[in-house]
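Hi there,

Here is the structure I promised to pass on to you. Please open it alongside this email, and then read on for my notes.

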Amino acid sequence: MTDFATVGAAYATHSRTGRGRLRHDLVARRVLAELPAWPVRVLDVGCGDGEMTLRIAAAGHRVTATDPSALMLGAAARRLAARPELAPRVRLLEAGVEDLFFDGDQFDAVCCHGVLMYLDDTPGSVTLLAGLVAPGGVLSILTKNREAIGFREALSGDCASARRLIAYGSDTSVGTSAWTHGGTRPRPSTGSWPSTASRRWTGRESGSSTTT
Ligand SMILES: C[S@@+](CC[C@H](N)C(=O)[O-])C[C@H]1O[C@@H](n2cnc3c(N)ncnc32)[C@H](O)[C@@H]1O
């Protein structure tokens, strides 16, 4: 399992880059477009330093943000402290997706962005997340798909590794540690990399249909 105490800094640096900002802007716009104009309950699983949490709270929604990494949650708490007007709408909890327990309570939207590819049991995690979505609610998952293999190597100019990974359809690439540990392979969602999938929960078991 990836230790975010060590990659947290790299993640924060990436978030500040043009590409990182664009990613957050695109994902936030997509998620907020799915949410109603009135305040709703949102769960941000694996919230990291709170980027999405703060954006969704700034749009007026009540956000419960969870992350198992004290380092990442600390970063989120510091950012929240700098936005006191949002504090009444944000709750931070130190928990991994496998520890989430809300006593049967559900949320109008559940977000899990940039997390699944680090987990071993992807189908189990998606099922758990879906169970936290209230009927008519939204499940928003952002994860890597197969097309991502070699992408980051290419971006960092390491074309030889990128070509090798793509050519051999390697199971290993940056940020896909779940695959290197024989974890279940995340099924690619629709669309090219990165892909954002949101699904409106109708309250019945509906497999993996997505609206993109
Ligand atoms: C790449 S960051 C993504 C942060 C944020 N969701 C985003 O979209 O920018 C991945 C986050 O997943 C968290 N994480 C690691 N293991 C987890 C688990 N088992 N359950 C939930 N989150 C986890 C890490 O601590 C880290 O903050």
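Below are my notes on the ligand site and on the salt bridges. Please keep in mind that this is a predicted model.

**The ligand site**

The side chain of Asp67 has an N or O atom 2.6 Å from an oxygen atom of the ligand. For Arg23, the distance from a side-chain N or O atom to a ligand oxygen is 2.9 Å. His113 takes part through its backbone instead: one of its polar backbone atoms is 2.7 Å from a nitrogen atom of the ligand. Overall, the protein buries 95% of the 590 Å² that the ligand exposes when taken alone.

**The salt bridges**

Side chains of opposite charge can pair when their charged atoms come close. Searching the whole structure turns up nine salt bridges, and I would like to point out three of them.

One joins the side chains of Asp25 and Arg55, with an N to O distance of 2.8 Å. Asp25 belongs to helix α2 and Arg55 to helix α3 (residues 51–58), so this pair ties together parts that are 30 residues apart in sequence. Asp25 counts as partly exposed because its relative accessibility is 32%, and Arg55 likewise counts as partly exposed, at 21%.

Another pairs Arg79 with Asp49, whose closest N and O atoms are 3.3 Å apart. This bridge also links distant parts of the chain, 30 residues apart: Arg79 sits in helix α4 (residues 70–81), while Asp49 sits in the loop between β1 (41–45) and α3. With a relative accessible area of 29%, Arg79 is partly exposed, whereas Asp49 is buried, at 10%.

How are these two pairs connected? Asp25, Arg55, Arg79 and Asp49 are members of a network of salt bridges that also includes Arg21 and Glu51.

The last one is between Arg30 and Glu34, with 3.0 Å between the closest N and O atoms. Both residues are in helix α2, four residues apart, so about one helical turn separates them. Arg30 is partly exposed, with a relative accessible area of 21%.

Happy browsing, and do write back with any thoughts.

Best wishes

Note on methods:
Residues numbered from 1 in each chain as written. Predicted model: local features only at pLDDT ≥ 70, side-chain atom pairs only at ≥ 80, totals over all residues. Heavy atoms only, no water. Polar contact = N/O pair within 3.5 Å; in protein donor to acceptor, adjacent residues only side chain to side chain. Areas by Shrake-Rupley, 256 points an atom, 1.4 Å probe, with all protein chains shown as cover. Salt bridge = Lys/Arg side-chain N within 4 Å of Asp/Glu carboxyl O. Helix = DSSP H or I, 4+ residues; strand = E, 2+ residues; numbered from the N terminus. Buried < 20%, exposed > 50% of the residue type's maximum accessible area, 1.4 Å probe, protein only.
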